Amino acid sequence: MHVTEMTEPLMTVAEVARMLQMSTAWVRQHSSGLRQPTIPSVKLGKSIRFRRADVEEFIRLMVRAA
């Protein structure tokens, strides 16, 4: 893990939903493991947060070859 990943602000469910153009419910389901594929997340009490690099890697892994 790079130092910038540790100092970069974590993203909220709403921010990730906007980035992926999906609903917040979809993001919550895919970050909790209820649905696949799973988006890596950080659980802080009742809150869920995301590292931008993890979300970008998730997107990269979801790209389908034509």
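What follows is a short chat about the packing in this predicted model.

Reader: Which residues of helix α4 are buried?

Author: In α4, residues 52-62, the buried ones are D54, V55 and F58.

Reader: Why do they line one face of the helix?

Author: Looking down the axis of α4, the buried residues fall within an arc of 100 degrees, so they sit along one face.

Reader: And what covers the buried residues of α4?

Author: The cover includes helix α2 (13-20) and helix α3 (24-32).

Reader: Switching to H30. Where does it lie?

Author: H30 is part of helix α3.

Reader: Is H30 buried or exposed?

Author: H30 is buried, because its relative accessibility is 2% and the cut-off for buried is under 20%.

Reader: What is H30 in contact with, leaving aside neighbours within four places in sequence?

Author: H30 contacts R35, Q36, P37, T38 and I39.

Reader: Now the largest nonpolar core. How many residues has it, and which?

Author: There are 11 residues in the largest nonpolar core: M11, V13, V16, A17, L20, V27, I39, I48, F50, V55 and F58.

Reader: Which helix gives the most to this core?

Author: Helix α2, with four residues. Both α2 and α4 supply at least two residues each.

Reader: V27 is on that list. What does V27 touch, not counting residues up to four places away in sequence?

Author: V27 touches V13, V16, A17, I39 and F50.

Note on methods
Residues are numbered from 1 along each chain as its sequence is written. This is a predicted model: local features need pLDDT of at least 70, side-chain atom pairs count only at pLDDT 80 or more; totals for chains, interfaces and linings use all residues. Side-chain values use heavy atoms; hydrogens and water are left out. Buried means under 20% relative accessible area, exposed over 50%, partly exposed in between (1.4 Å probe, protein chains only). The arc is that of the directions from the helix axis to the C-beta atoms. Contact means heavy atoms within 4.5 Å. A nonpolar core is a set of buried Ala, Val, Leu, Ile, Met, Phe, Trp, Tyr and Cys residues joined through side-chain atoms within 4.5 Å.
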